[in-house]
Amino acid sequence: METLLKASNVKKKYGEYEALRGVDFSILQAEQVAIQGASGSGKSTLLYLLGGLDIPSFGDIYWKSKKLSDFADSDLARYRNEQIGFVFQFHFLLSSISCLQNILLPGRIGGANVQEVEERIRPLAKYLGVEQCLPKFPHQISGGEQQRINILRAISLHPSILLCDEPTGNLDSKNSGKVIELLRELSLKFKASLIVVTHDNSIASQFSKKHFMSDGKIIEQ
Amino acid sequence: MSLRVFPSFAKSLFTEKSTFRFVFAVCLGLGFSMSVILCTIGIMDGFDQTLREGLKTTSGDINIYTLHHHAKKSDFEQAFKRSGVIDFAEILQMEAFAVANDISKGGLVKGIEAQKFSSILKNKFSLNEGEIIIGTELAHALKLQQGDSISLVFAGSSESLGGLPRPHVLKVAGVYDFKVYEHNQRFVLMDQRFLQDVTGMTDLINVVTLNLPQDGWDKAMPYLQRVEMLLATLKRDLGRGYSVRPFWKEYATLLEAVKVEKFMVSIVLQLIVVISIFNLLAFIVYLNERKSREIFLMRALGLASRNIHRIWLITGFLIWLLACGLAAIFSKLFGLILWNLEFFKLPGDIYHLGRLKLILSTDDYLLVFGLTFLQILFFIYLGLWKLRRRPILHGLRQEFG
């Protein structure tokens, strides 16, 4: 299996504060990994660095052996759009447009054929039980449904990696289990790698491969 | 790419009423600023054109004045034949006092052949012996109306009275608007033969007004250039005893001054546009701050900074387009008000014209709208250059954390 994404001795500083202190991490194609850690341990920072939302202060991140730091702004944007699917804790849906339009947003940004994306998404929406939510606005549906719309948006362009930042943080335990199960299922279905960042031990325990982070370092694998 | 995402982006940006009000105020401000420049240019162009039109009501394209003598009609035949001039009218012109209702005013009497004069000026002047046409201001000053009697007093016209001036009682056949205030105040038209008789200048004239030949080889050339060419030819052919002038010569300095002023004022007034563009810049900064959640999310989903810039440029372009529309409407509205409302009537003794017309050419619109667009581009780039430094993660965390 090919190594898709690799972080090599990555450090990240915000002023004097060191969020990451030399992290080495890699993920293979279609691999599923959980990163567990307490709040402030640096797990989200690592996730966003891997997703190209920020640049490391030191060290490098490689996408299929190409340095992300060598990417131009437009290439990095394309990388985020085509290769990465973000699932955020607070789902970050735009309230002024319908759920369907939220799902189609990455397609519109990337210049994809949105009609094709919509055709592809509808059966998945049915599969996830949110088909009836598509014409509604985010505030008209429940938190669990919002998170499933968020997941649909993340997989709408068939990304190579799903990066999930506390995807169940806002859900009860019943819905949390369902969402994680769903993410793993979709990852297998689309052969996409899956990285789930969580503080919850019960979530992390569902993954055969997991990393534990503390104080900006991976201390246990 | 950015064009396809623009509707979703715009939808998410313009959902709040406050944003709508802000953008409308920006458009209104920008439109108003542009209309101020357009109206200024339009008034100056209008002044120029109206003055020229006014001057043309009593003059052909070129006027020839005898300098030290009176001439006979035949004196011009050779020169006109060589230049191809066929459209001309001879005038006997002299100063006189107009007296009526115990009021007297100085006037410039033009002895014309009504048919020839009407044909040159494309105006219908009808005069019989013993009748005159006077300007509106002169009629007003002498309290005269059509059909009233008026006395004209010419210098040294009565030998029997030892060269003393002798009044001639005439009938006002018409009160005419010569467009230019001074002309309305002074001009008196009367039958040429009658004027020659009463002044003892039989067959003599001292002014010829003429139009450019209709079928000349130079017809494709610009009008002013054709006038200048004919002027030079006539000056050469007629010699020193004549002054050959274009119809606008009387106000040439003023017209030149208006032209220079128009340019300078337009440059200075660009400052108003710059101030309005600051509002546009403030709007972009406002949206960037208020809608940073949406912007950072879109960047996280793969929208490149370059495309965000493009979206702002499209927004700027649409604001500019709307502002241009508003500016055109404001200008038309102002033009109508200027022409119709009594409040905007000008003192003609100061401005030569009683009313100002707003005349705007396509070039004027293109100049003002084009310059504004360039300024908008410059300021948007300046603003975006400042904003693009904020990293996505920092923004996401700040906005969603």
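Let's start with chain B, which has 14 helices and eleven strands. Keep in mind that what you're looking at is a predicted model. Of the 401 residues in chain B, 34% are buried. Now think about which parts of the chain meet. Take the contacts in chain B between residues at least 6 apart in sequence: 80% of them join residues at least 24 apart.

How far can you trust the picture? Chain B has a mean pLDDT of 82, and 87% of its residues reach 70 or more. For the model, the scores are ipTM 0.86 and pTM 0.67.

Now hop over to chain A and look for its sheet. Strands in a sheet pair through backbone hydrogen bonds, and they can do that in a parallel or an antiparallel way. Here, four strands of chain A form an open sheet in the order 2-1-4-5, and the pairing is antiparallel. Which strands stand at the edges? In chain A they are strand 2 (17–28) and strand 5 (66–67); each has a single partner strand, so one side of each is left without a neighbour in the sheet.

Strand 5 of chain A pairs with strand 4 (residues 58–63) of chain A over two bridges, in the antiparallel sense. There you'll find Trp63(A) opposite Lys66(A), which belongs to strand 5 of chain A.

Finally, what packs on this sheet? That's helix 1 (residues 43–50) of chain A, which touches strand 1 (3–14), strand 2 and strand 4 of chain A. The direction of helix 1 of chain A makes about 125° with that of strand 1 of chain A.

Terms used
Residues numbered from 1 in each chain as written. Chains lettered and ligands numbered in written order. Predicted model: local features only at pLDDT ≥ 70, side-chain atom pairs only at ≥ 80, totals over all residues. Pairing = 2+ DSSP bridges. Contact = placed C-beta atoms within 7 Å. Axes fitted to C-alpha atoms, helices over the stretch in contact; angles between N-to-C directions. Buried ≥ 20, exposed ≤ 12 C-beta atoms within 10 Å, placed from the backbone. pLDDT = per-residue confidence, 0-100.
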